Amino acid sequence: MEYSEVVGIRRSIRFFDPDRPVEREKIQKILEAMRLGSCAMNAHWLRAVVVFRDEMAPESFEKLKLPVAGVIMELAPVHIYCYGDLSVIAKDRGARPKQLIDIGALGPSHGWTYRFIDEFVWPQVLEPLSKNPTYPAAMAFDNGGCATQGLLMAYNLGLGACWTAFNTEGAKEVLGIPDDWLPHYLLNVGYPLESREAGGQRPRPPFEELYFEGRAGNPFRRDQAVVEELKREKMIQAPAPLPGRTEEMRQLARKLGLPESHH
C-alpha cells in the first residue's frame, strides 16, 4: 500500500475480532517501525511492553483496564504499552550525539564536534533539559512521532489499532515498570471486525484554522488542486458518516454481545 493510502485509511478501530490472533512477526514489524522514528539527539526515549491478551492471567489483565477503554482492551488480542524513559539523557551524557558524528550524520559543517558536545551540548542543553519541568513534554513529542510510525505500520499490514489510556498504577505493578518510565498510551492492535472504512474519515477542524504561514493568524492557503490529488491517492477519503454505519455498529454490537444503544 502506498504511504498516502496508509495515512488515509487509518481509523481508530474499536471493533476487533477477539478470536483472531495477530501474528508475532507483525507485532515485531510495528516495533521495528517505531525504532526507526526520528528522535532528537538520537536519544530514543520510547519504551514499549507488548502483552498478548490471552497469555495474561485474568486477574492481572483486570488491573490494566480503565472504564473508558475496557471494551476495546477486551476485544484487542495484542496491547502495546508505550512509555518514555526519563533516565536516558542522564545515563547517556552526550554519547548518542557522538554516534551521529561517527557515522557522518552530523558534521563540522553544522558545528558538530566531540568538543562542542562536551563543552556546550551536554552542560548547557542536555543536562539542564533533563532537570527542566518541560523535559517530559519534549520527550513525549518525539515518542509520539516514533509511535505513530508503528501505528501506520499496523494499517499497512492489514491490521487495525486504537490508542487508549490505561491504568498506569496497575500496569506498573503487573508489568514491572521502572520508576523513571513515564506512561504514555496503550496501542490496542488486532484484526478489525468493522469495515476498513469504519464509517468514513473522522471530522477535523478546517485546514485554515490549524496551519499558518509567516505568522500566527495568517492561514496557510490550501490549494484545492492538491486536495484533489490527495483524494486520487486515497489519503483524503469519504467523510463520516458513510451510509449504513449505524446498522453496521448495531450488527457488530449484537455479534459481540455489547449494548446496541445508549438506552
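Helices (H or I, at least four residues) and strands (E, at least two) are DSSP runs, numbered from the N terminus. The model is predicted: local features need pLDDT of at least 70 and side-chain atom pairs count only at pLDDT 80 or more, while totals for chains, interfaces and linings use all residues. Residues are numbered from 1 along each chain as its sequence is written, and side-chain values use heavy atoms, with hydrogens and water left out.

**Exercise 1. Get to know the chain**

Task: Find how many helices and strands the protein chain has, and what share of its residues is buried.

Solution: 
- Step 1. The protein chain holds twelve helices and four strands.
- Step 2. Its C-alpha atoms fill a box of roughly 65 × 55 × 35 Å along the principal axes.
- Step 3. Of the 263 residues, 38% are buried (buried means under 20% relative accessible area, exposed over 50%, partly exposed in between, with a 1.4 Å probe and protein chains only).

**Exercise 2. Follow glutamine 237**

Task: Locate glutamine 237, decide whether it is buried or exposed, and list its contacts.

Solution: 
- Step 1. Glutamine 237 sits in the loop between α11 (224–232) and α12 (245–256).
- Step 2. Glutamine 237 counts as buried because its relative accessibility is 19%.
- Step 3. Leaving aside neighbours within four places in sequence, glutamine 237 contacts Glu5, Gly8, Ile9, Arg11 and Gln201.
- Step 4. With arginine 11 there is also a side-chain polar contact of 3.0 Å (a pair of N or O atoms within 3.5 Å; within protein, one must be able to donate a hydrogen and the other to accept it, and residues adjacent in sequence count only if both atoms are side-chain atoms).

**Exercise 3. Find the ring pairs**

Task: Describe how tyrosine 81 and phenylalanine 166 pair, and say which parts the pair ties together.

Solution: 
- Step 1. Rings of Phe, Tyr and Trp (its six-membered ring) pair if their centres lie within 6.5 Å; planes under 30 degrees apart count as stacked, over 60 as edge-to-face and the rest as tilted.
- Step 2. That rule gives eight aromatic pairs.
- Step 3. The pair of tyrosine 81 and phenylalanine 166 is edge-to-face, with 5.0 Å centre to centre and 85° between the planes.
- Step 4. Tyrosine 81 lies in strand β2 (residues 78–85) and phenylalanine 166 in the loop between β3 (160–164) and α9 (168–175), so the pair ties together parts that are 85 residues apart in sequence.
- Step 5. Both partners are buried: tyrosine 81 has 0% relative accessibility, and phenylalanine 166 has 4%.
- Step 6. Ring pairs link Tyr81, Tyr83, Phe166 and Trp181 into a cluster.

Methods
Contact means heavy atoms within 4.5 Å.
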